[in-house]
Amino acid sequence: MHGRPRVTQTCDPARQKHEEEKAAKFQALLRQVLHNHRHRIFSKEALLQNAKLLELNPELYTAWNYRKVAVTHLLESQLDEAIRKSIVDNELEVVERALMRNYKSYGAWHHRKWVLHFGLSNLDKEYRLLDKLLTSDARNFHGWAYRRFLAGISKATEEQELQYTIKKINENFSNYSAWHSRSTLLSKQLQNNIIEKDTWLKVLTEEYDLVQQAFFTEPDDQSGWFYLLWLLSQTVFPSRPFVTGFWPPNGHSNLFDPNVPSMANCNILIFFSLPVCGVNSETVSMSSSSEGLNSEFKVSWISITDDSQFSKGWRAELTDCNKCLEAGMSLTLNVQVGAKPGITSRHGPLLGVHNLTVNIELGSSSCSAPEKHYSRITWPEECKQTSKFEDSPNDIFGCPSLPLQRHLEPLSEWQEKTLTNQINTCRELLELENDSKWAMLMLARLLVAYDQFASSSEHGMDEVQQLYKRLLEVDPTHQYYYNEQLSLIRFHQITVDLHESSEHFWRSDQTQNLWVRFNHLSLSKLGYFERLTGVQNLDLSKNKLQSLEGIEMLQFLVNLDVSNNHLTSITALRPVSHLPKLQALNIKWNEIGKHMIDKNRYLFPTVLNNSAKKHLKNNLNKEEGPVHWEVYEIFGRMLVLRQLDIHGNPISENEAFRSNLLLAVPSLVWLDAENVSTE
Amino acid sequence: MANLIEPSSFDLIVVGTGLPQCIVAAAAASNGHSVLHLDACDFYGSHWSSLPLQDFSDWCHSAGQLPFPSPIQITTPSNVSGTGASEVSNQNVSPSFERDTAAGEMVFQNGALPNNGSMPSSREFGDSFPENSTNGTTHSFAETSLYGSATTANASLQNGFLSPEPVTHTEEIVLNTNNLSLHDSTMEELGLQSEVVEERSSMYQDFHIMQDSIEDLGPSRRYCLDLAGPKLAYCGGSLVDLLLRSGANNYLEFKSLEASFMWSNGVLLPVPSSRADVFKDRTLINAEKRHLMRFFKLVVEHDSSNPDAPQISPEELESPFVKFLHERQVPLSVQSMILYAIALSNHKQGTVEEGGSHIMKTKEGLELLALYLSSVGRFVNSTGAFLYPLYGQGELPQAFSRSAAVKGALYALKMPIQSFLKDKVTGDFKGIKVSTTEQLIFSQKLVVGPTMLQTVCKAFNSDVLSVEGRNAAQESGEEKEAPKVVRGICITDKSLRADLCTLMVVFPPHCVTVQENGVIRALQLGSSVSVCPEGKFLVQLSMVCSNESVGIEALQRATQFLFNSRDSSSTADAEKPTLLWAAFYAHNEIYEGGADVLILCKWILAGHVAAFGMPDETLHFQKAVASAENVYKGLFPDDDFFPRPPLSPTTTTDDFVMDDMVEENEHLV
């Protein structure tokens with residue numbers, strides 16, 4: 001079923017006529033079946049017609065539903081076990097014929113599972129049929145899913161199923177379906193505590209050995225490598241989340257201004273290693289040193305990213321309920337995360353308990369009262385001024401050097417050994433196969449992981465960089481990915497000791513703003529945002545950024561320059577829309593408007609999702625002209641945006657876009673060089 | 001006598017139905033030449049046939065005489081005796097007629113195997129036949145059962161030579177005289193002289209039969225025992241290619257060899273031949289796997305037209321293959337597997353220093369390996385590189401005969417020839433004289449089998465070796481000593497591996513005997529390929545050796561390694577199958593001289609007469625096909641050897657019918 005070229009069918013009139021006749025017959029049959037369905041006719045003939053229809057087209061879910069209704073009806077009125085069994089058997093036959101037509105029909109497979117739930121069928125026969133299917137098409141994922149389903153209801157032991165996967169893998173180790181099934185079964189064993197922890201390590205070691213056979217036999221086959229990734233994720237990378245950082249850092253103060261919109265009032269932030277849910281006032285306890293004040297606060301935790309459920313960053317919004325707080329007051333909050341269960345990622349609950357003490361000082365923040373007159377800022381790039389920075393980095397980050405959170409637990413002996421083993425294995429393979437891209441990629445990933453997790457960072461990033469540079473030569477198809485990884489490493493190297501040098505810091509003469517500048521670095525991907533929390537002015541101009549993913553972590557950003565990059569759509573700015581304090585945004589000389597949607601993302605939230613609709617309702621009145629949905633969705637959320645420099649993008653010439661933009665962002669004062677304030 | 005062959009002149013006469021002869025006949029017929037194909041036996045295949053157990057046992061007891069008496073007593077089909085000539089004449093079987101499949105079917109139903117119910121009853125072929133004719137009924141030709149004979153009857157009738165009344169022997173002679181066929185005077189007039197054919201009675205020697213009784217082995221006819229076993233076809237080899245090109249594949253079904261093993265100190269080690277095997281094999285360490293896979297890749301790629309493909313220097317190609325394997329870091333344990341179980345070398349491949357007369361060159365080894373690897377997975381349903389035909393090897397010559405018959409070749413079994421006709425002045429071949437009817441049949445070209453090889457030599461001794469053959473012989477320097485092949489066949493009660501049915505075991509040199517350098521191969525076949533009853537297994541063995549008795553001893557020792565003997569139940573290893581019956585024998589003179597390709601076709605005389613030798617010593621059919629092609633090119637230099645039919649988009653080579661494929665469609669979810 002793999003690697004077979006599609007046969008293009010030529011269209012000749014005779015054939016077309018034949019097809020038309022067939023279609024007419026099909027239509028007639030369909031009408032008849034729907035008629036039967038509507039009038040609840042469950043006669044033998046009606047069921048036969050339905051079966052015929054499904055054999056012609058198994059994708060008709062209505063027809064399957066009709067069968068379900070009919071079978072339920074027939075079984076209800078029938079007590080004779082033999083007849084009940086024959087009804088069910090007949091259903092299986094119908095499904096079988098439908099599957100012969102298209103054995104990837106979801107409806108048919110679903111019907112089969114439904115029928116089996118009556119418990120009247122011979123499961124051995126199911127296994128035999130399935131075996132035939134998986135012999136002829138070993139990578140049919142429906143077949144594999146059905147096999148797991150059968151194993152579930154037939155109480156087949158995991159051991160038997162594991163044996164089956166190994167049989168299939170032995171037949172053809174390129175069969176990722178078999179590997180995947182194996183990983184599923186093993187995970188299930190672990191979850192159900194069938195395997196003890198010690199045995200589990202032994203099992204994993206054996207699996208490492210098995211998968212090694214695959215990539216030494218054929219280093220270019222990806223199935224084994226994917227399985228290895230899964231194994232590594234079971235070994236080192238915690239599937240359980242942990243806290244990577246807080247804002248403000250432990251023991252530091254933050255300003256709380258009760259008079260500004262809660263969103264713009266950043267108070268307490270928690271960052272996690274993986275997207276988590278369940279962050280709320282229950283799971284994060286807060287107690288104040290001054291007892292009486294506790295009740296005055298209403299705390300709500302808001303995700304700072306797109307996903308309101310699972311997020312890597314959570315922000316506490318404090319509301320002063322009784323309006324009794326006064327400027328100049330100060331209170332100390334003890335925050336405790338993880339003491340009560342409830343915070344979990346998609347893979348497991350939070351690791352560890354974290355305590356944090358924060359001082360909240362009450363006062364007026366700069367953005368408390370929107371300035372009537374916002375003077376346009378000059379971007380660092382536009383200044384003639386040479387680099388100059390005589391301040392302390394603390395001024396930039398709002399605190400003395402931010403302690404970076406590493407992985408909480410050091411690697412166990414076994415973990416470290418396994419990781420080292422795999423690094424050595426990859427090196428061994430690379431010695432034999434200098435150009436094996438999978439070996440290079442895996443080695444690079446392993447070294448990065450080792451660097452992050454191991455207590456002693458003995459592997460330099462230089463080797464990783466060399467590997468990715470080799471990969472760029474060997475496998476140019478995936479150059480974007482490799483460049484992104486190189487960019488991440490560069491970014492890592494720049495930011496790891498950011499506090500130590502002033503190379504990337506800059507003070508503007510005009511506004512006295514302190515900037516962090518990462519311009520002209522060919523960056524294509526950003527990361528390590530937890531190291532930059534607290535930065536207010538960031539210059540990322542003249543890079544190769546296609547995406548701003550993750551920048552929403554920088555909740556304190558006021559001015560952001562991403563001019564001269566490769567952003568291609570408005571939707572690529574989505575992360576920016578989660579920055580509550582952003583006042584000036586420079587997106588000049590990008591490629592915005594080239595694509596309607598951000599092609600760098602795999603999933604596109606529909607333009608008609610709730611937030612978009614809400615904005616549309618509010619803002620879309622009787623305005624004429626075409627509507628740029630994404631403008632409302634993205635810019636509509638930037639409540640304090642004053643300055644937008646958008647010149648030099650395909651979309652900036654578009655009049656409709658401009659008018660939509662002005663509607664969406666009423667706070668805007670400067671659009672490029674033009675003052676657009678309504679006053 | 002009724003059954004004269006008509007017409008009396010053909011483009012090509014082929015005598016003996018061995019596989020290469022049948023291929024030549026089919027090739028000639030497909031190119032539109034008129035072909036007469038005769039065999040003195042009453043079954044197809046000559047030395048390439050598969051026999052029922054009783055026949056095989058008889059054959060052994062007669063020290064390998066072909067033709068041997070048909071063991072089955074059959075009464076003459078009732079409708080035959082009363083057949084009037086007029087009824088026969090209704091059959092449209094003249095060679096000039098286009099034959100439909102039904103006609104072809106008829107031929108093969110009758111000729112399929114000697115045990116077929118419609119076969120003639122005559123036990124003593126040479127004698128009974130004339131007797132029948134003297135009895136004067138027209139049914140005698142029907143007894144010969146063949147197409148060609150029936151045709152003859154019809155054709156003769158049309159020509160008015162066949163009397164509807166019973167005729168006497170004398171009358172027949174008179175008739176024949178009129179037909180300018182018999183009298184010396186006629187020969188004289190035509191400027192011909194005859195050379196009496198002296199066929200060698202047996203091509204085999206040194207028969208050893210263990211366990212005489214075949215009583216308790218089940219029905220004899222459920223067995224198909226190959227005379228020239230073991231042989232297997234490469235999925236990507238020239239035989240399969242020819243089957244597809246000639247259409248003969250329509251008459252055959254195959255099963256693939258499930259696994260190969262290497263005998264190593266009493267253990268059967270699986271031979272890694274595919275990536276799945278390499279993956280599974282835990283005896284190889286990481287680096288070895290990589291070297292082995294790289295080597296396989298090199299083999300597949302080096303011959304391709306891809307300019308980036310790895311290059312192998314000409315010197316390397318001429319160097320010994322074993323040295324090459326060593327240099328390419330092929331794991332030591334796998335080297336002998338590659339040499340003996342994949343490249344299928346029959347001789348010990350030592351280093352150059354050790355010497356040896358049959359060192360495989362790198363070029364040769366790579367070609368065989370490439371063939372092997374391209375064979376693995378050529379057909380969706382086949383698991384390995386090799387195929388075996390259902391009902392035995394003897395099906396192959398039949399399939400080619402059938403394809404020849406469909407394209408107009410005339411077939412006659414039980415038709416021995418008495419003498420060759422040759423031009424008195426030039427000595428050139430002019431035709432043959434059939435023993436039974438003494439009819440003269442004319443042709444410029446003749447192909448015979450190994451039993452007539454010497455007669456052909458003697459009769460046309462003006463130019464013995466073909467040009468190609470002689471050159472090759474000269475190149476190789478001294479004449480090599482002719483190697484001999486010993487073969488054996490065993491019947492056992494269970495499989496060597498419980499989970500497998502068809503498998504091969506390779507004994508590398510010196511692990512059974514140190515007196516010989518040959519490789520012993522044992523091919524186990526079972527009821528899945530319909531060559532024995534269920535619950536029984538056939539194991540065919542072969543070895544190339546210099547001394548027959550040592551060779552046969554080695555084969556016997558190999559069977560002792562593999563099986564328990566029937567009587568030694570006390571020392572029996574419960575795991576091993578028990579040997580129920582066995583026979584061992586040696587081929588006489590497979591070939592002389594050193595020409596490799598022409599091992600089977602020994603002489604092509606001025607493009608007119610060719611003779612094929614005995615089935616060769618290799619496990620595969622590559623040499624047999626190559627020699628058939630060579631002979632054909634010698635006989636008909638202007639022809640294409642089975643022109644490829646234009647590829648239509650709907651038919652691909654994957655249409656090749658395999659038994660599994662049929663099964664698969666039965667009940668697919």
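What share of the 669 residues of chain B count as buried? I was working with a predicted model, and there the share came out at 52%.

**Chain B overall.** I looked up the secondary structure next and found 23 helices and 24 strands in chain B. Then I checked the contacts in chain B with a separation of 6 or more: 78% of them join residues 24 or more positions apart.

**Where chain B touches chain A.** I found 14 residues of chain B in contact with 22 residues of chain A. On the chain B side, helix 12 (275-280) and helix 13 (286-302) each supply at least two of the touching residues. I sorted that side of chain B by class and got seven nonpolar, five charged and two polar residues.

**Helix 11 of chain B.** Why is it described as largely enclosed by the rest of the structure? Because seven of its nine residues are buried. I noted them down: Ser238(B), Leu239(B), Val240(B), Leu242(B), Leu243(B), Arg245(B) and Ser246(B).

Last, I checked what follows helix 11 of chain B, and found Gly247(B), with a positive phi near 80 degrees.

Definitions and conventions
Residues are numbered from 1 along each chain as its sequence is written. Chains are lettered from A and ligands numbered from 1 in the order in which they are written. This is a predicted model: local features need pLDDT of at least 70, side-chain atom pairs count only at pLDDT 80 or more; totals for chains, interfaces and linings use all residues. Helices (H or I, at least four residues) and strands (E, at least two) are DSSP runs, numbered from the N terminus. A residue is buried if 20 or more other C-beta atoms lie within 10 Å of its own, exposed if 12 or fewer, and partly exposed in between; C-beta atoms are placed from the backbone. Two residues are in contact if their C-beta atoms, placed from the backbone, lie within 7 Å. Ala, Val, Leu, Ile, Met, Phe, Trp, Tyr, Cys and Pro count as nonpolar, Asp, Glu, Lys and Arg as charged, and the others, Gly among them, as polar.
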